[in-house]
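Dear colleague,

Please find below the structure that I am handing over to you.

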Amino acid sequence: WRTLPKVVCPVRIVAGTRGSTFPPILARLTRGRLSQAHVDRIPGTSHFLPMERPDAVAAALGAFLERLAAP
């Protein structure tokens with residue numbers, strides 16, 4: 001937690017909405033310490049979201065990478 005403010009690159013976090021290991025309070029705390037962080041919540045998913053909705057995870061990360069690559 002002490003070193004999070006040292007991260008200067010953009011960060012995308014993809015999390016589930018139920019039974020997630022990254023609950024909303026943790027998202028708020030992370031954004032407070034990591035100014036480049038953005039959290040995407042995939043509705044109806046749990047901490048298994050990459051297996052539950054690989055399409056949604058790929059879309060969220062793909063959009064993030066496209067924005068980074070745009071001039």
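Alanine 27 is buried, its relative accessible area being 3%; buried means under 20%, exposed over 50%, and partly exposed in between, with a 1.4 Å probe and protein chains only. This is a predicted model, in which local features need pLDDT of at least 70 and side-chain atom pairs count only at pLDDT 80 or more, while totals for chains, interfaces and linings use all residues. Residues are numbered from 1 along each chain as its sequence is written, and side-chain values use heavy atoms, leaving out hydrogens and water.

Alanine 27 belongs to helix 1 (helices are DSSP runs of H or I with at least four residues, strands runs of E with at least two, both numbered from the N terminus). Not counting residues up to four places away in sequence, alanine 27 touches Phe22, Val39 and Arg41, where contact means heavy atoms within 4.5 Å. The C-alpha atoms of alanine 27 and valine 39 are 6.8 Å apart, although twelve residues separate the two along the chain.

Strand 1 (residues 11-16) and strand 2 (residues 37-42) run parallel and are joined by six bridges; two strands pair if DSSP finds at least two bridges between them. Arginine 41 in strand 2 is the bridge partner of alanine 15.

Threonine 45 sits in the loop between strand 2 and helix 2 (49-52). Threonine 45 is also buried, at 2% relative accessibility. Its contacts, not counting residues up to four places away in sequence, are Ala15, Gly16, Thr17, Arg18, Glu52 and Arg53.

Yours sincerely
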